[in-house]
Amino acid sequence: MLSSCRGLLLVSLAGACAGDYPAPAAPHDAADVLLPVVEVPLLGVELERMWGTRFFLKYYFVCGLGAAATTAVLSFLPFAVFDHLYTALTVGASGAIWGIMGAALVLEARRTYVFGGQAMGLVVLNLAFTFLV
């Protein structure tokens, strides 16, 4: 099992072994460190098995960098709702996890059941956690 999940081990444990974090950008609180360590192995195992380690890692980091870039672009928009983003740290790990869940939603819509048909439930649960915490 460990040999089939090399990318997950790399993403989740390499930063911990180095005394760092498993996120594509700097964390700003404990949840930014702990949630990716827990969620990436839980959510990414099946996708990595389907896609292979190399593609999964590329996908994870592109999603993380895309989330960080989106936050940076939104911070320059002239709307009051985005004002707090201008001085906020840009963290991409949660965006990478949302990318994993988005891929699972697309695959399950195509009848490739990554999470046993429960991808939408995981998205709703994560949305609830995001807005309640």
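1. The second largest pocket of this predicted model is lined by L35, V38, E39, L42, L43, M101, L122, L125, N126 and F129. A pocket here is an open set of points on a 1 Å grid over the protein atoms alone, with protein on both sides within 12 Å along at least five of seven lines, and lining residues have an atom within 4 Å of a point. The space in this pocket is about 200 Å³, a volume being the space filled by probe spheres set on the points.

2. Two or more lining residues come from each of α2 (30-51) and α5. Helix α2 gives the most, with 5 residues. Helices are DSSP runs (H or I, at least four residues), numbered from the N terminus. By class, the lining has 8 nonpolar, 1 polar and 1 charged residues; Ala, Val, Leu, Ile, Met, Phe, Trp, Tyr, Cys and Pro count as nonpolar, Asp, Glu, Lys and Arg as charged, and the others, Gly among them, as polar.

3. Helix α5 covers residues 119-132, 14 residues in total, and spans 20 Å from first to last C-alpha, close to the 20 Å expected at 1.5 Å a residue. The expected span is 1.5 Å times one less than the number of residues.

4. Which residues of α5 are buried? They are A119, V123 and N126, where buried means under 20% relative accessible area, exposed over 50%, and partly exposed in between (1.4 Å probe, protein chains only). Seen down the axis, the buried residues of α5 fall within an arc of 65°, so they line one face of the helix. The arc is taken from the directions from the helix axis to the C-beta atoms. On the other side of α5, L125, F131 and L132 are exposed.

5. The structure holds 4 aromatic pairs. Rings of Phe, Tyr and Trp (its six-membered ring) pair if their centres lie within 6.5 Å; planes under 30 degrees apart count as stacked, over 60 as edge-to-face and the rest as tilted. The W51 and Y59 ring centres are 5.0 Å apart and the planes stand at 70°, so this pair is edge-to-face. W51 is partly exposed at 25% relative accessibility, and Y59 is partly exposed at 21%. Ring pairs link W51, F55 and Y59 into a cluster.

6. Y60 and F61 also form an edge-to-face pair, 5.3 Å centre to centre with 90° between the planes. Y60 is buried at 0% relative accessible area, whereas F61 is partly exposed at 35%.

7. Residues are numbered from 1 along each chain as its sequence is written, and side-chain values use heavy atoms, with hydrogens and water left out. In this predicted model, local features need pLDDT of at least 70 and side-chain atom pairs count only at pLDDT 80 or more, while totals for chains, interfaces and linings use all residues.

Conventions. On a 1 Å grid over the protein atoms alone, a cavity is a set of points where a 1.4 Å probe fits but cannot get out, and a pocket is an open set with protein on both sides within 12 Å along at least five of seven lines; lining residues have an atom within 4 Å of a point.
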